[in-house]
Amino acid sequence: MPTISMFLGIIIRMYNSGEHNPPHFHASYQGFNAVFDMEGELTDGEMPKKQMKFIAAWAELHKDELLANWELAIAEQPLYKIAPLR
């Protein structure tokens with residue numbers, strides 16, 4: 001699963017092998033693993049609240065890029081890196 005961004009110890013990944021709907025991305029942080037929708041809302045797994053806020057803020061800033069990567073993932077194409085939260 002390709003890494004598309006890293007910030008504040010959080011790793012953001014998205015599969016690019018013909019992904020399945022609904023659109024989502026995966027995040028990991030110090031042993032926590034979770035799935036988030038494109039709005040940055042937790043849909044599966046666990047993540048500390050502070051990191052969930054960072055992930056939600058990042059997703060809001062980069063929603064268009066996330067959706068573009070999703071289209072690439074469905075087409076099994078290489079994904080673009082997305083800028084970290086600063």
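Glu 76 lies in the segment that follows α2 (63-74); helices (H or I, at least four residues) and strands (E, at least two) are DSSP runs, numbered from the N terminus. The model is predicted, so to speak of local features requires pLDDT of at least 70, side-chain atom pairs count only at pLDDT 80 or more, and totals for chains, interfaces and linings use all residues. Residues are numbered from 1 along each chain as its sequence is written, and side-chain values use heavy atoms, with hydrogens and water left out.

**Segment after α2**
- Glu 76 has a phi near 60°, a positive value in a residue other than glycine.
- With a relative accessibility of 53%, Glu 76 counts as exposed (exposed means over 50% relative accessible area, buried under 20%, partly exposed in between, with a 1.4 Å probe and protein chains only).
- Arg 86 also lies in the segment after α2, and Arg 86 is exposed at a relative accessible area of 84%.
- Although Arg 86 and Leu 8 are 78 residues apart along the chain, their C-alpha atoms are separated by 8.9 Å.

**Loop between β3 and β4**
- Gln 30 is found in the loop between β3 (24-29) and β4 (32-37).
- The phi of Gln 30 is near 40°, again positive in a residue other than glycine.
- Most residues other than glycine have a negative phi.
- Gln 30 is exposed, with a relative accessible area of 67%.

**Helix α1**
- Helix α1 (residues 49-61) has 13 residues and reaches 19 Å from its first C-alpha to its last, close to the expected 18 Å (1.5 Å times one less than the number of residues).
- Gln 51, Ile 55, Trp 58 and Ala 59 of α1 are buried.
- Seen down the axis of α1, these buried residues fall within an arc of 100°, so they line one face of the helix; the arc is that of the directions from the helix axis to the C-beta atoms.
- On the other side of α1, the exposed residues are Lys 49, Lys 50, Lys 53, Glu 60 and Leu 61.
- The buried residues of α1 pack against β1 (3-7), β2 (10-13), β3, β4 and α2, where contact means heavy atoms within 4.5 Å.

**Crossing of α1 and α2**
- The axes of α1 and α2 come within 4 Å and cross at roughly 80° (axes are lines fitted to C-alpha atoms, for helices over the stretch in contact, and angles run from 0 to 180 degrees between N-to-C directions).
- This makes α1 roughly perpendicular to α2, a term for angles of 65 to 115 degrees.
- Trp 58, Ala 59, Glu 60 and Leu 61 of α1 make the contact with Lys 63, Glu 65 and Leu 66 of α2.

Terms used:
Parallel < 35°, antiparallel > 145°, perpendicular 65-115°, else oblique.
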